[in-house]
Amino acid sequence: CTTSEALLRVEPAHVEQLLHPTFSPEALNSETYTKGVVAKGLPGSPGAAVGKLVFSPKQAEEMKDKGESVILARETTSPEDVGGMWAASGILTARGGMTSHAAVVARGW
């Protein structure tokens with residue numbers, strides 16, 4: 001395969017994934033990070049987020065208005081959560097997975 005052929009095989013979605021924020025391998029392997037992990041799950045969309053943990057969409061919107069970065073934690077998401085999902089830097093759900101409502105909405109933003 002030539003360089004030109006390889007470039008023609010790259011789809012826009014592949015390039016878009018590269019534009020999402022990520023954590024460096026060094027940060028992920030650091031003691032500071034590994035000692036603080038309380039749970040692991042499936043990534044619903046590409047990218048990484050950092051912020052204060054909030055448990056309601058309203059709280060996410062209020063803190064965003066104050067200039068704070070937040071992670072919205074919900075058991076699962078519903079259409080009523082969209083305002084908080086939009087305000088949050090990241091969304092964490094207890095249920096669902098890569099095809100959950102939160103993951104599908106987050107990938108669309």
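Strand 2 is mostly covered, with 4 of its 5 residues buried. The model is predicted.

How many bridges join strand 1 and strand 2? The two strands pair in the parallel sense over 3 bridges. Two residue pairs can be looked up here. L53 has I71 in strand 2 as its bridge partner. V54 stands opposite L72, also in strand 2.

## Salt bridges

Side chains of opposite charge can pair when their charged atoms come close. In this model the count comes to 5 salt bridges. Three of them are described below.

Start with E68 and K52. Their side chains meet in a salt bridge, at 2.7 Å from N to O. K52 lies in strand 1 (residues 52-54) and E68 in the loop between helix 5 (57-65) and strand 2 (70-74), so this pair ties together parts that are 16 residues apart in sequence. Is E68 buried, partly exposed or exposed? E68 is partly exposed, because its relative accessible area is 24% and the buried class ends under 20%. K52 also counts as partly exposed, at 49% relative accessibility.

R95 and E75 form another salt bridge, with their side chains meeting at 2.8 Å from N to O. This pair links distant parts of the chain, 20 residues apart. R95 sits in the loop between strand 3 (90-93) and helix 7 (101-108). E75 sits in the loop between strand 2 and helix 6 (82-87). R95 is exposed, with a relative accessible area of 53%. E75 is partly exposed, at 47%.

Are E31 and K35 buried or exposed? E31 counts as exposed, at 56% relative accessibility. K35 counts as exposed too, at 64%.

## A nonpolar patch

Which residues make the nonpolar surface patch? They are F23, L28, Y33 and V50, and the patch covers about 370 Å². V50 is placed in the loop between helix 4 and strand 1. V50 counts as exposed because its relative accessibility is 58%, and exposed means over 50%.

## Confidence

The protein chain has an average pLDDT of 86, and 94% of the residues score at least 70. Where in the chain is confidence lowest, and where is it highest? Helix 7 has the lowest confidence, at a mean of 68, and helix 5 has the highest, at 97. Where pLDDT is low, the predicted coordinates should not be read in detail.

Notes:
Residues numbered from 1 in each chain as written. Predicted model: local features only at pLDDT ≥ 70, side-chain atom pairs only at ≥ 80, totals over all residues. Heavy atoms only, no water. Salt bridge = Lys/Arg side-chain N within 4 Å of Asp/Glu carboxyl O. Buried < 20%, exposed > 50% of the residue type's maximum accessible area, 1.4 Å probe, protein only. pLDDT = per-residue confidence, 0-100. Patch = residues over 30% accessible without salt bridge, like charges linked within 9 Å, V, L, I, M, F, W, Y side chains within 5 Å. Areas by Shrake-Rupley, 256 points an atom, 1.4 Å probe, with all protein chains shown as cover. Pairing = 2+ DSSP bridges.
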